[in-house]
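Biologist: Please take one part of this model and look at it closely. I would like a connected account of what surrounds that part and how the chain reaches it.

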Amino acid sequence: RKQYEKPDDFVSGKKTLIYYGSLWGDWFDWDLVFGIARKFPKYSILLIGEEKCVIKKVKKAPKNVHFLGIKKQTDLPAYLKFADIALIPFKVDAIGEYVSPLKIFEYISMDKIVLSTSLPEVKCYPNTLIGDTVTEWTNCLKKEMVQDHELRNDFISDNTWYSRGVSILDGLGIMSNKCHKKFY
């Protein structure tokens, strides 16, 4: 709900895709990101994170992939606000199979369509398109993307720190559903 100004280094395209986080891990699927960049040369792909560790990738990147460097956590919502689609390009491998990318909660809360690989943790999240190959991501990007705001709102409500805390306490038998209902 907060108002944001477009950051000066935001590079818009016909559609603007964004990812922020670690760029240096083996779990990051460079082939997927670069493949999409080549398939959609009029799209802009913004990557926010430390690029010094992946300088060879930076040099090989298609021209529509823009490395914006590290940003303060408090600056990220402004970038998300003006992007069309948020990305989670993690390989589904030994690491990816057990990852729960926290950024997806931020992406969904900022009312973004998310394009992700088929990480088990994110498969059922609202407004999330899933694919593991350039062809599958291409098909997702060609679809008409319509947000389900009701599912989004339910997801946000179910994933507040308070609701997570209550769930943990319920699981431990410390707090029953009857006790916390009165707090709502």
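Modeller: Contact here means heavy atoms within 4.5 Å. The model is a predicted one, and the part I take is strand 2, residues 44-48.

Setting aside its neighbours within four places in sequence, Leu47 is in contact with Tyr19, Leu23, Phe28, Trp30, Val65, His66, Phe67, Leu68 and Gly69. Together with Ile45, Leu47 has the most contacts inside the largest nonpolar core, which has 49 residues. Helix 1 supplies the largest share of this core, six residues. In general, nonpolar side chains in soluble globular proteins tend to be buried together.

Strand 1 (residues 16-20) runs parallel to strand 2 and is joined to it by five bridges. Within that pairing, Ile18 has Leu46 as its bridge partner. Strand 3 (residues 65-69) also runs parallel to strand 2, and four bridges join the two. Here Leu46 stands opposite His66.

From strand 2 the chain passes through helix 2 (residues 55-60) to strand 3, in a right-handed β-α-β crossover. Strand 1, helix 1 (residues 30-39) and strand 2 likewise form a right-handed β-α-β unit.

Seven of its 10 residues are buried, so helix 1 is largely enclosed by the rest of the structure. The buried ones are Trp30, Leu32, Val33, Phe34, Gly35, Ile36 and Ala37. These buried residues pack against strand 2, and also against strand 1, helix 2, strand 3 and helix 5 (134-142). Trp30, buried in helix 1, is also one of the contacts of Leu47.

Definitions and conventions:
Residues numbered from 1 in each chain as written. Predicted model: local features only at pLDDT ≥ 70, side-chain atom pairs only at ≥ 80, totals over all residues. Heavy atoms only, no water. Buried < 20%, exposed > 50% of the residue type's maximum accessible area, 1.4 Å probe, protein only. Pairing = 2+ DSSP bridges. Right-handed = clockwise from strand over helix to strand, strands pointing away. Core = buried A, V, L, I, M, F, W, Y, C linked by side-chain atoms within 4.5 Å.
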